[in-house]
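I'll jot down what I look up as I go.

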Amino acid sequence: QGRGYVQEVLWTVMLAASQTEGIPFAKRLEWLDKLAQCIDNWASCDLLGEAAKDFTLPQNEAAAFAFLDALIKSRNLWRIRLALVLMLAHMAPAGSRPLERAVQLSSAPEVLTCAAQSYYGSMGLAWAFSVYAVHDFSLVERVVTDLIVNKRIDPATARRTAQKVRESFRSAQAEKALLSQNIQKALDGIPAGSLPAARNNKPAGAVPAFRRKLLKGTPPSAAL
């Protein structure tokens, strides 16, 4: 708390610079794990997730998914969002086993609980599903509607998934309309109040509370 944003950017640059020949993937995961322990906002999750490399190399797949599974099982909001960003950025080639495993991990109870309890968890999951849908629309449509029918996903996250798909320039108009229609149809078929309770409204100002406290009354130069 209180550190400058520039430190987080430098950490991300360091991680990206580590993608050099001779540095083992296991060592990069070790560094990424240390950085993940310091994350306390969505921007750092997204920067780190996109900076990491080599997650889809066959020789790294087992270690990558073990790392992702550990992030999710931590039940920590920011570690779960980091896992989602890593998967949507690196595990979504069409028809691949990594994509299917990514969808499965994204539907884990820890992720769904996080999405129901946090706006940033909810938006992270919706974003992930929208990217997966670009590569395998039918898989995502089936999984999301099944989550609704089985009362595992909260309604806000389901609707945000449809919203993110609609906003995507990479999805066909027909697919956007079909997913929105099927999600709403599934929601309409569930009795009111039977889906997981959602406490994931967007925070006021969309800035973590400690940053609002830090920045309030602080000159811009000092805040940086």
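Is K151 buried, exposed or partly exposed? At 40% relative accessibility, K151 counts as partly exposed (buried means under 20% relative accessible area, exposed over 50%, partly exposed in between, with a 1.4 Å probe and protein chains only).

Before going on, I note that this is a predicted model, where local features need pLDDT of at least 70, side-chain atom pairs count only at pLDDT 80 or more, and totals for chains, interfaces and linings use all residues. Residues are numbered from 1 along each chain as its sequence is written, and side-chain values use heavy atoms, with hydrogens and water left out.

Entry: I found K151 in the loop between α9 (137–149) and α10 (155–167) (helices are DSSP runs of H or I with at least four residues, strands are E runs of at least two, numbered from the N terminus). K151 isn't a glycine, yet it has a positive phi of about 60°. R75 also has a positive phi of about 60° without being a glycine. I place R75 in the loop between α4 and α5, and at 62% relative accessibility R75 counts as exposed.

Entry: a helix pair. I looked up α3 (residues 42–51) and α5 (residues 77–90), which pack at an angle of about 35° with their axes 8 Å apart (axes are lines fitted to C-alpha atoms, for helices over the stretch in contact, and angles run from 0 to 180 degrees between N-to-C directions). On the α3 side the contact includes W42, C45 and L48, and on the α5 side it includes W78, L82 and V85 (contact means heavy atoms within 4.5 Å).

Entry: aromatic rings. I get 4 aromatic pairs in the structure (rings of Phe, Tyr and Trp, the last by its six-membered ring, pair if their centres lie within 6.5 Å; planes under 30 degrees apart count as stacked, over 60 as edge-to-face and the rest as tilted). The F25 and F55 rings have their centres 5.4 Å apart and their planes at 80°, so I log this pair as edge-to-face. F25 sits in α2 (residues 25–36) and F55 in the loop between α3 and α4 (61–73), so the pair ties together parts 30 residues apart in sequence. Both F25 and F55 are buried.

Next come W78 and Y120: their ring centres are 5.6 Å apart and their planes at 45°, so the pair is tilted. W78 is in α5 and Y120 in α8 (residues 119–135), so this pair ties together parts 42 residues apart in sequence. W78 counts as buried at 13% relative accessibility, and Y120 counts as buried at 9%.
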